[in-house]
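The sequence and the model come first.

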Amino acid sequence: MIIVDRKGVGHELDPEVGKPLMFQLRPLKVGVIGLCNGNAACGTCHVYVENDRMAELPDIDEFEEEMLAELATRQKNSRLACQLMFEPTMNDMTLSVAPR
């Protein structure tokens, strides 16, 4: 998996299956903070997913939708990394850290 930080620099990540991406992105220091510790309540793990890969991800639940709706930088391909559990099908995916 490739993570593009806010400066446009790509970082490789070999995530652990079944673990939320937010917890795996924080150590990379790419701009994902996760102040709410994965409760979809702060938006500090906001990422953009490749448009053509959005359908591969689980649906957005009501809590994630509420948080995303409050973000000025939300796009059609926005997700919260705390709500994305890594699955092997995501291995070749690229995520970009959203601006604040």
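Of the 100 residues of the protein, 45% count as buried. The model is a predicted one.

The accessible surface amounts to about 5,600 Å², and carbon and sulfur atoms account for 50% of that area. The C-alpha trace spans about 30 × 25 × 25 Å along its principal axes.

The secondary structure consists of two helices and five strands, arranged along the sequence in the pattern β-β-α-β-α-β-β. Among contacts between residues at least 6 apart in sequence, 63% join residues at least 24 apart.

Two backbone details remain. K29 has a positive phi of about 60° and is not a glycine; K29 is placed in the loop between α1 (21-25) and β3 (46-49). N37, also not a glycine, has a positive phi of about 60° and lies in the loop between α1 and β3. The table gives the accessibility of each residue.

| Residue | Relative accessible area | Class |
|---|---|---|
| K29 | 72% | exposed |
| N37 | 48% | partly exposed |

K29 counts as exposed because its relative accessible area of 72% is over the 50% cut-off. N37, at 48%, falls between the limits of 20% and 50% and is therefore classed as partly exposed.

Notes
Residues numbered from 1 in each chain as written. Predicted model: local features only at pLDDT ≥ 70, side-chain atom pairs only at ≥ 80, totals over all residues. Heavy atoms only, no water. Helix = DSSP H or I, 4+ residues; strand = E, 2+ residues; numbered from the N terminus. Buried < 20%, exposed > 50% of the residue type's maximum accessible area, 1.4 Å probe, protein only. Contact = heavy atoms within 4.5 Å. Areas by Shrake-Rupley, 256 points an atom, 1.4 Å probe, with all protein chains shown as cover.
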